[in-house]
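Good morning, colleagues. Please look at the structure on the screen while I take you through its metal site and its nonpolar cores.

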Amino acid sequence: MPTGTVRSEERFEELVARLKDGGYRLTPQRVALLRILATEDGHPSASQLYDQLKVLFPTTSPATVYKTLNLLKDVDEVLELGFSDDDNRYDGTKPYPHPHLVCIRCRKIVDPDVDMADTLVRQVAEQSGYDIVSHRLDFFGLCPECRNRA
Ligand SMILES: [Zn+2]
Ligand SMILES: [Zn+2]
């Protein structure tokens, strides 16, 4: 889809600029990983990112992926989703808190197309007096594909 392509191209350039401004080295492997992160909206784990990167750079080590993810976390350019029973997953397309839909069978994670998180955060802040700095909102269920297979 053209709009999606434009958005991921812009996001890729944003990520490159962010690391460049921070004075970080942009190796070809790192640039390729940024492109995967800017394009991939399926919330991959570090090992899934490594598998994708290995296709392009067979000699890449998992450390390249972990180091780059840590850099991006430091500059708030990737959202890390931790799970107690599964690998951490990463969203490089939207690095800010937003709701997620998690399939309990195939572990697919998508961003639901709803616009309620901001309202919810505002309400919680008003009612509690807290200065909200972050939030985590996950919905668990069976994705349409898994439902059809049930
Ligand atoms: Zn599923
Ligand atoms: Zn997401």
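Cys106 is partly exposed, because its relative accessibility is 39%; buried means under 20% relative accessible area, exposed over 50%, and partly exposed in between, with a 1.4 Å probe and protein chains only. Cys146, at 0%, is buried. The model is predicted, so local features need pLDDT of at least 70 and side-chain atom pairs pLDDT 80 or more, while totals for chains, interfaces and linings use all residues. Side-chain values use heavy atoms, without hydrogens or water, residues are numbered from 1 along each chain as written, and chains are lettered from A and ligands numbered from 1 in written order.

What coordinates the zinc ion (ligand 1)? The SG atoms of Cys103, Cys106, Cys143 and Cys146 do, at 2.3 Å; donors are N, O and S atoms within 2.8 Å of the metal (3.2 Å for Na, K and Ca), and water is not among the atoms, so sites may look incomplete. The angles subtended by the four donor atoms are 104 to 116°, which makes the arrangement tetrahedral, a term that requires all angles between 85 and 135 degrees for four donors.

In sequence, the spacing of the donor residues is C-x2-C-x36-C-x2-C.

I turn now to the nonpolar cores. The largest has 20 residues, and Leu34, Leu37, Leu49, Val65, Leu69 and Leu72 touch the most other members; a nonpolar core is a set of buried Ala, Val, Leu, Ile, Met, Phe, Trp, Tyr and Cys residues joined through side-chain atoms within 4.5 Å.

Methods
Tetrahedral: all angles 85-135°; square planar, octahedral: opposite > 155°, others 65-115°.
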